[in-house]
Amino acid sequence: MRARTKVFLVDDHTLFRAGIRSEIADRVWICGEAADVASAVEGIRASRPEVVLLDVHLPDGGGRAVIDGVRDAEPGVRFLALSASDAAEDVIDIIRAGARGYVTKTLSADELVDAVRRVADGDAVFSPKLAGFVLDAFAAIPVVQVDSELAQLTAREREVLQHVARGYTYREISERLFISTKTVETHVSAVLRKLQLTNRHQLSRWAAERNIT
Amino acid sequence: MTDSADPSGEPGIERALRRVVLGFRVVGATWLALLGAVVLATTESADPAVTLATVVLAAGWAAATVARGAQPGGLRSWWWLAADLAVASWTIAGPTVVAGQRTTFFGGFPFTAVVLAVWARGLTGGLIAAGALSAATLGRLGFVDGDATVPVSQAVENVVFYVVAAAVLAWTADVLRRNDRLRREAESALAQERAERIRSQERAETAAHLHDSVLQTLALIQRRTGDPAEVTVLARRQERELRTWLTGGAPAGDGGSFAAAVASAAEEVERLHGVRVEVVTVGDAPLDEGLAALVAAAREALVNAARHSRVDRVAVYAETSEDAATVFVRDRGVGFDPVAVDGDRRGIAESITGRLRRRGGHARVTSAPGAGTEVEMTVARRAP
C-alpha cells in the first residue's frame, strides 16, 4: 500500500471544497486548502504538497496565477486543473502554464483519486474533454505555418488522444493499440510538452478563431 | 463622443481658435512687411534702417508666436501678452518716435495683438490690448512734425476700431465656446444615458433568463426530492443549458452546426433515458444532409447504448475534418457478441448502417460480452 498522496485544494467555492474533502479525504492526505490566489501561493509554499487540485477560475488572476506564483519556488509541486468550465481557451491556457492535466468537476471520486495519484507519479492526466480541446487546438494550426515538429502531433499521438477523447482508459488504449500502458503515458506526456512549448502565436490564433465562432 | 479633445486635454474649440489666432498673426506680419517694402521704395523721408528693423522684428515675432503657439498653453501667460503688446506698439509708434518717420506701415499687425489677447484673456485681455495700442497710436502724434490733422483723424479711427474689435471678438469667442461646451455636455449625457439603458436591458434579460430556466428547474427539483435519478437529470440538463447560455452559444437544438446538433441529440437522449452522456467534439461544420444523417445515426446508437448497456454513462466523440466527419458512441456496459445478435439489435444496427450508406458513409460496431460497445460512424464531406 502506497503512502497517501499529499494534496492541496484550491477552489473559491467553499461548498465544492467541502464536497471534495468528504469524498476523497479517506484516500489522499489533504494538507491544506485555499480560496484565492494569494493564500493558495502562501499555503502551497508552506505545506509543499505533491499535487495541487487547482480550480481554473479563481478571483484575481485564475489558476494560472497560482502556478506562476509557485513554479519557481517549488518546482516539485504538480498541478491538476479542475473546473466546471468548458471554455477551451482557459483550459489550454492553464495546461500551458504548467498543469499536468485537466479533469472536469463531474468526475467521480474514484476517478479523481486515480487522477491525483497519476499526477503525483509524474504522468499527464487527460480527461476526454481535454483530449478534445487539444486535438482541436492542434488541428487549427495550419500546416504551412508549422515552424517545427513541436506544432504537430505524430500520427500515434493523435491516435492515442482520440482514444482518450472517446472515453478509453490508458489501460484500454494500450490493449487496443498493442502498446504498453507506459508507452501510452509517454505519448500523452509528449503531447503535453508540445502543448507547453508550441509557439504561442499559433495557439492564440486558434483561441481567436474559437472566440469568433 | 468628444471628437474634440486631444491628449493634452485641450477642447477642440480652443485648438481651432488657436489656429485662427496664429493665422491672423502670420497674415498681419506679411501685410506689415509688404507695406514696409512700399515705404522703403517710395518714401524718401523714411529711415531705411528703422523700417527694415521693424519689418524684421514683426516677422521674427510672428515666427516666435507660431512656434510657441504649437503648445496649447504657450501664448496665454500675462508676460507673453505684455511682450506681444510691446512689439505691436513698436510697429505703430516706433519708427515715428525713434526716427521721426511720418508715414506708418503697421497695417493689420496691431489688430492681431487684439485677437491674441481676446483669445488668451477674454474681454479683459482684449480691452487691455486695445488700451495699449490706443496709447501708442495717440502718443505717436506728439512726435509727428508739422500738420497733424490727418494723422489725428486716422488715429481716432484706429482707437475706436481697436476697442470695438476687442468687444466684438470677445463676444464671438464667448458664444463659440459656450455652444461647444453645451454640445459636449449634451453628447456625454446622451452616451451616459445610452450606456445606462444597455446595462439595464442586460440586467432585465439576465433576470428573465434565470427566472425561466434556473428558478424553474430549482422548483422542479424541490418537488421531486424523492426521485434522485430524476433530480440528477434535471440538474444535468440545467447545467448544460446554463453553460451554453453563459458561453454565448446558441441554445442547443437551434441547428445550424454539426457540433451543436450532436450536443442537442445527446441532451435529448439524456433526458429521455436518464443516462449521462459525455460529449467531446473536435472541429465543427454547418449541418448538411450528410451530417444530419450522421447525427440521426449517432442518436440511434446513443438510444441503443442507453437501453441495452445497463450502465448509466455513455461517451460521445464527434470529429469533423475537411474530408470526413466521424462520431464514436461508446459505453462500458454488458456488450454483446456481434455475430450472434438477436433480430431486434440487428434491426437497429441496420437502421444506423443503412442511414449512413445512403449518404456514402459507413458504421462499424465493436463489442464483446462484458467489454462494452463502441459504434463508429463516418460520412464523407463534400467540398463546400
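Trainee: Which residues in helix 9 of chain A do A:Ile92, A:Ile95 and A:Arg96 in helix 4 of chain A meet?
Mentor: This is a predicted model, in which local features need pLDDT of at least 70 and side-chain atom pairs count only at pLDDT 80 or more, while totals for chains, interfaces and linings use all residues. Residues are numbered from 1 along each chain as its sequence is written, chains are lettered from A and ligands numbered from 1 in the order written, and side-chain values use heavy atoms, without hydrogens and water. Since contact means heavy atoms within 4.5 Å, look along helix 9 of chain A for the partners of A:Ile92, A:Ile95 and A:Arg96, and you will find A:Leu192, A:Leu195 and A:Gln196.

Trainee: By class, which residues make up the contact of helix 4 of chain A with helix 9 of chain A?
Mentor: Ala, Val, Leu, Ile, Met, Phe, Trp, Tyr, Cys and Pro count as nonpolar, Asp, Glu, Lys and Arg as charged, and the others, Gly among them, as polar. Sorted in this way, the contact of helix 4 of chain A with helix 9 of chain A has four nonpolar, one polar and one charged residues.

Trainee: At what angle do the axes of helix 4 and helix 9 of chain A cross?
Mentor: Helices (H or I, at least four residues) and strands (E, at least two) are DSSP runs numbered from the N terminus, and axes are lines fitted to C-alpha atoms, for helices over the stretch in contact, with angles from 0 to 180 degrees between N-to-C directions. Helix 4 covers residues 88-97 and helix 9 covers residues 181-197 of chain A; their axes come within 8 Å and cross at roughly 95°. That makes helix 4 of chain A roughly perpendicular to helix 9 of chain A (65 to 115 degrees; under 35 is roughly parallel, over 145 roughly antiparallel, the rest oblique), given a crossing of roughly 95°.

Trainee: How far apart are the axes of helix 2 and helix 3 of chain B?
Mentor: Helix 2 (residues 48-68) and helix 3 (residues 78-99) of chain B pack at an angle of about 170°, which makes helix 2 of chain B roughly antiparallel to helix 3 of chain B. The residues of their contact divide into 13 nonpolar, three polar and two charged. As for the distance between the axes of these chain B helices, it is 10 Å.

Trainee: What stands opposite A:Leu54 in strand 4 of chain A?
Mentor: Six strands of chain A form an open sheet in the order 2-1-3-4-5-6, with parallel pairing. Five bridges join strand 3 (residues 51-55) of chain A to strand 4 (residues 78-83) of chain A, and the residue opposite A:Leu54 is A:Ala81.

Terms used. Two strands pair if DSSP finds at least two bridges between them.
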